Amino acid sequence: MKLATLKTAARDGSLVIVSRDLSRAVAVPAIAATLQAALDNWDAVSPRLAEMAQALETGPVSGEFAFDEAACASPLPRAYQWADGSAYLNHVELVRKARGADMPASFYTDPLIYQGGSDGFIGPRDAIIAAESWGIDFEAEVAVVSADLAMGSNEQQCADAIRLVMLVNDVSLRHLIPAELAKGFGFFQSKPASSFSPVAVTPDELGPAWQDSKLHLPLQVELNGECFGRPNAGVDMAFSFARLLAHIAKTRALSAGSIVGSGTVSNKQGELYGAKVEHGGVGFCCLAEVRMYETIETGTPQTPFMRMGDRVKISMHDEHGHSIFGSIINQVETHA
């Protein structure tokens with residue numbers, strides 16, 4: 001089934017069930033007022049949600065309305081946990097190569113994960129408010145939402161605990177990152193609020209594209225209306241979502257509604273020219289990766305980070321070309 005949260009006067013919005021074609025929706029306050037409430041009582045609530053989702057597919061239901069992606073908040077407008085991994089090692093290798101650093105052997109066996117701010121996310125059609133001098137970048141990723149997980153949960157238990165899948169734009173302020181990391185205490189100012197897809201879906205909705213806790217479909221990124229990237233999210237993902245969750249759960253329990261991101265989706269490619277979409281490659285899911293190629297090949301980055309008015313669109317389509325999650329469309333606006 002597909003779930004979304006409409007913006008309302010209430011901080012956590014209103015939960016709705018969305019039809020598979022994203023054309024219609026129905027609110028379900030009698031079942032769960034918010035997505036977090038549904039996740040807190042998933043075993044009891046999900047069969048009723050699934051029954052309503054099926055009714056929505058087979059015919060008109062009382063109270064249904066036309067679904068508007070622009071009216072949505074992120075599926076969880078705020079969350080108890082937002083942890084982002086870096087499961088695509090090609091991205092990590094390029095970052096390090098661009099600055100002349102070797103790849104530590106441990107990176108191939110031990111996932112990189114940082115804990116992001118989760119007290120509030122921007123909506124899928126909300127603006128990125130930032131200053132150009134901060135080096136504004138988008139990072140297109142896949143994310144999952146978990147059930148409760150006990151400390152020490154193994155990978156199979158973690159796989160079974162994945163309740164929802166969605167897309168994310170993990171906004172990064174690249175010019176602020178070096179000074180923060182140099183302090184040895186991690187990201188903070190350089191990682192502002194992220195934006196998630198209008199719709200979150202249960203793994204069964206993805207069919208054979210969901211295998212081994214990975215989503216095997218191209219992630220499509222457009223920058224100012226031009227195709228920028230379409231790498232396959234299931235290719236070159238060194239650590240599955242089950243592995244990422246197990247890594248987090250090693251020293252702590254996770255609460256229902258915890259969100260874990262994949263990190264920037266990145267496929268291994270040749271040199272910069274052949275990697276670009278217009279030259280037959282699969283392109284990129286962030287500007288930093290293009291700049292890394294440019295640094296490696298020419299000695300200096302040439303592609304600018306996002307400027308005022310720039311717009312990024314992130315989406316994913318099934319084998320028939322139908323949008324699965326709706327689209328994240330974030331435009332950069334001036335920071336006062």
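Me: How many aromatic pairs does the count come to?
Reply: The count comes to seven aromatic pairs, where rings of Phe, Tyr and Trp (its six-membered ring) pair if their centres lie within 6.5 Å, with planes under 30 degrees apart called stacked, over 60 edge-to-face and the rest tilted. This is a predicted model, in which local features need pLDDT of at least 70 and side-chain atom pairs count only at pLDDT 80 or more, while totals for chains, interfaces and linings use all residues. Residues are numbered from 1 along each chain as its sequence is written, and side-chain values use heavy atoms, leaving out hydrogens and water.

Me: Which type of pair do Phe-121 and Phe-196 form?
Reply: Phe-121 and Phe-196 are edge-to-face, at 4.8 Å centre to centre and 70° between the planes.

Me: And are they buried or exposed?
Reply: Both Phe-121 and Phe-196 are buried, a term for under 20% relative accessible area, with exposed being over 50% and partly exposed in between (1.4 Å probe, protein chains only).

Me: What about Trp-210 and Phe-241?
Reply: Trp-210 and Phe-241 are stacked, with 6.3 Å centre to centre and 20° between the planes. Trp-210 is buried at 17% relative accessibility, and Phe-241 is buried at 1%.

Me: Changing topic, how many disulfides are there?
Reply: The search of the whole structure finds zero disulfides, a disulfide being a pair of cysteine sulfur atoms within 2.5 Å.

Me: Where is the nearest cysteine sulfur to Cys-227?
Reply: That sulfur belongs to Cys-285, 9.8 Å away.
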